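Student: Can we go through this one together? I'd like to know what stands behind each label.
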Amino acid sequence: MELVTDLLKVILPAGLVLWAMYLTVSSFIKKDLVQKELDIKAETTKTLLPIRLQAYERMALFLERISPNNLLIRLNGRAVNVTDFQQLMLTEIREEFSHNLSQQVYMSDEAWTTIKNAMNETVALINLSAKDLAPEAPSLELSKRIFEVVMNKGVNSSDEALRMVKQEMRIFFFM
């Protein structure tokens, strides 16, 4: 009996010391893991932030470039007739879009959908405007028709999408 009592006198304090050491070490390890996670997040943010900002900048540039006004001015004089001018504008839009396709991974789904819709509406505007004209008519006729449709519509989808992209940039990066 005395042996059991002596054994308990040694084992119980040793067990308590071991339990306290376990709690202390596990606390330090958890604290270290949390700190490492914070460091990784900070490093990721530091690396990813400029890339995300660049993606929004590139998509803002894309929307400006496919805006009917800018598109018509930039491509004016490169085609002789309506059909050639229509194909030139559609090719330009598709190439611009393909060039910037990878930017979607850095943007919200809502922003990306708005950008795609703006592009599709611009393509539809060009096709709708060209449909009413003779294929061999001068390219200037298509430019005039596109301006008329934009004026009658009153809203430019590229401008609306650009507003949304800017607003999202302000929310994510500057607030």
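Tutor: Keep in mind that the model is predicted. Start with helix 1, where Ser26, Ala55, Tyr56, Met59, Ala60, Phe62, Leu63 and Ile66 are buried. Those buried residues pack against helix 2 (68-75), helix 3 (82-99), helix 4 (109-131) and helix 6 (157-173).

Student: How do you know that the span of helix 1 fits its 65 residues?
Tutor: At 1.5 Å a residue, residues 2-66 should span 96 Å, and the end C-alpha atoms are 93 Å apart, so the two agree. There is a kink of about 30° at Leu48, shortly before Pro50.

Student: What makes Arg65 and Glu92 a salt bridge?
Tutor: Their closest N and O atoms are 3.4 Å apart, and the cut-off is within 4 Å, so the pair counts. This pair links distant parts of the chain, with Arg65 in helix 1 and Glu92 in helix 3, 27 residues apart.

Student: Why is Glu92 called buried, and Arg65 partly exposed?
Tutor: Buried means under 20% relative accessible area. Glu92 has 13%, so it is buried. Arg65, at 26%, falls between 20% and 50%, so it is partly exposed.

Student: What else does Glu92 pair with?
Tutor: Glu92 also meets Arg74 in a salt bridge, at 3.3 Å from N to O. Arg74 is in helix 2 and Glu92 in helix 3, so this pair ties together parts 18 residues apart in sequence. Arg65, Arg74, Glu92 and Glu96 are linked in a network of salt bridges.

Key. Residues numbered from 1 in each chain as written. Predicted model: local features only at pLDDT ≥ 70, side-chain atom pairs only at ≥ 80, totals over all residues. Heavy atoms only, no water. Helix = DSSP H or I, 4+ residues; strand = E, 2+ residues; numbered from the N terminus. Expected span 1.5 Å × (residues − 1). Bend = angle between axes of the 7 residues up to and from the residue. Buried < 20%, exposed > 50% of the residue type's maximum accessible area, 1.4 Å probe, protein only. Contact = heavy atoms within 4.5 Å. Salt bridge = Lys/Arg side-chain N within 4 Å of Asp/Glu carboxyl O.
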